Amino acid sequence: MNIPKHVAIILDGNGRWAKSKGMPRNYGHAQGARTVEVICEEAYKMGIQYLTVYAFSTENWSRPQDEVDALMKLLRNYMKTCLKTAEKNNMCVRVIGDKTKLDEDIRNRIAELENATKGNTGLHFQIALNYGGRDEIVRAAAKLVKQAESGKLTAGQVTEQLLSDTLDTAGLPEPDLLIRTCNEQRISNFLLWQLAYTEFYFTPVAWPDFTKEELEKAIEAYNHRDRRYGKI
């Protein structure tokens, strides 16, 4: 079986999953975090080299304040758990998104996690936090404009590769497969530039119920796609 090198996942359905069980939405988010840990390990065992998950979007700030507060608390705890998991599984962790909008203690934990795992050679795990595809492109464009204003860059030097190298995902291969759970069939401002030639897979399974077997189904479907030369 052809294993995709880079898989991206939109983690959808935590709240609906919890509601279906008569539990608060935050219960679903907590279970979803545990599912991330399981899938990281299973993905690496399957031979996936890069895994990128959409954890908190720039639009998520508009959710009810108590839910946002609970998500930030969960994130703080997850940073500690992720560090232990990374050490155990030789995992390299990177956070993409506008980290300047996060609280200082969260930014410090992210820096600690990235620094502690940057030399690891196992799964490359990217977490999208306060991330939006349009915001990422705008921030990249602003960086290029600053270079142009300082005389370090001309219009003729701007290429697709240069823009790619200015994005949060610089140095990462583009995703081969995007998975979205809970039957939503849109990309919701996730990796807009990077998904240009990615195969999409949608499943009705809510993220907390996503298992190794569900990941295998997605990869099997990916193997039935016609990936022709030139990525078209």
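The model is predicted. Helices α2 and α3 have axes that come within 10 Å of each other, and the sheet is an open one of six strands with parallel pairing. Helix α3 belongs to both topics, for it meets α2 and also packs on the sheet.

**Helix pair α2 and α3**

- Helix α2 covers residues 25-46 and helix α3 covers residues 65-89; their axes cross at roughly 20°.
- Because angles under 35 degrees count as roughly parallel, α2 and α3 are therefore roughly parallel to each other.
- The crossing of these two helices, α2 and α3, is right-handed.
- On the α2 side, the contact is formed by R25, N26, H29, A30, A33, V36, E37 and E41; on the α3 side, the residues are E67, A70, L71, L74, Y78, T81, C82, T85 and N89.
- By class, this contact of α2 with α3 comprises eight nonpolar, five polar and four charged residues.

**The sheet**

- The strand order is β3-β4-β2-β1-β5-β6.
- Strands β3 (92-96) and β6 (199-202) form the edges, each pairing on one side only.
- On average, neighbouring strands of this sheet are turned by 20° against each other, direction ignored.

- Strand β2 (residues 50-57) and strand β4 (residues 124-131) run parallel and are joined by seven bridges.

Conventions:
Residues numbered from 1 in each chain as written. Predicted model: local features only at pLDDT ≥ 70, side-chain atom pairs only at ≥ 80, totals over all residues. Heavy atoms only, no water. Axes fitted to C-alpha atoms, helices over the stretch in contact; angles between N-to-C directions. Helix = DSSP H or I, 4+ residues; strand = E, 2+ residues; numbered from the N terminus. Parallel < 35°, antiparallel > 145°, perpendicular 65-115°, else oblique. Left-handed = near helix turned anticlockwise from the far one by under 90°. Contact = heavy atoms within 4.5 Å. Nonpolar A, V, L, I, M, F, W, Y, C, P; charged D, E, K, R; others polar. Pairing = 2+ DSSP bridges.
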